[in-house]
Amino acid sequence: VKDDGTLCATGEEGEIRLRHESLLLGYYKRPEATAETFDEAGYFRTGDVGVKDPEGTVRLVGRKKEMFKSGGYNVYPREIEMVLERHPAIATAAVVAIPDPIWQEVGWAFVVAPAGADKDALQAELAEICRAQLANYKRPKRIVICADLPKLPVGKVDKVRLKAQAQGDKT
């Protein structure tokens, strides 16, 4: 659905919301959290953004909390990460938003590549792939090749640390 709760047209991005008898009814003794999590019709707000194709298949494109604005356009990091991760040399990719004086925010991509990879050649190749597959406002303004990405205790990429690292190195 759109932010106003109306259904999205086929091919239009919107939040995936669920309603089923097996879903939780709410948060124990936390009415504010329950009100934030469920819409007026009783649908659970997943925070996931998807697009439905004409056959009815839903493709995930990102998370609402990770979405950033670049030049007035919505950018979902997961969409960029999936493009980068299609490259056979890339094990993992993470994109974070960095403040920009012209575009409001821009994406920086951090990618894990094998040891000994030619970083300059790989960066150029990934930039070309992004040019071919992503709209200009979605293309990462910088691609950083890493040996590994910082992780949270649960094993997810620590994007807060990546963003702090990027903001400390804007050269």
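Reader: What am I looking at, and how are residues numbered?
Author: This is a predicted model, where local features need pLDDT of at least 70, side-chain atom pairs count only at pLDDT 80 or more, and totals for chains, interfaces and linings use all residues. Side-chain values use heavy atoms, with hydrogens and water left out, and residues are numbered along each chain as its sequence is written, from 1.

Reader: Which residues of α3 are buried, and why do they line one face of the helix?
Author: Helices here are DSSP runs of H or I, at least four residues, and strands are runs of E, at least two, numbered from the N terminus. Buried means under 20% relative accessible area, exposed over 50%, and partly exposed in between (1.4 Å probe, protein chains only). Looking down the axis of α3, the buried residues fall within an arc of 75 degrees, so they line one face; the arc is taken from the directions from the helix axis to the C-beta atoms. Those residues are Leu122, Leu126 and Cys130.

Reader: What do the buried residues of α3 pack against?
Author: Contact means heavy atoms within 4.5 Å. The face turned away from the buried side carries the exposed Asp120 and Ala132. The buried residues pack against α2 (77-85), β7 (104-112) and β8 (142-146).

Reader: Is aspartate 39 buried or exposed?
Author: Aspartate 39 sits in the loop between α1 (31-37) and β2 (44-52). Leaving out residues up to four places away in sequence, aspartate 39 touches Arg17 and Arg45. Its relative accessibility is 12%, so aspartate 39 counts as buried.

Reader: How many disulfides does the count come to?
Author: A disulfide is a covalent bond between the sulfur atoms of two cysteines, and the rule here is a pair of cysteine sulfur atoms within 2.5 Å. Cysteine 130 is in none, as the nearest cysteine sulfur, that of cysteine 146, is 15 Å away. The count comes to 0.
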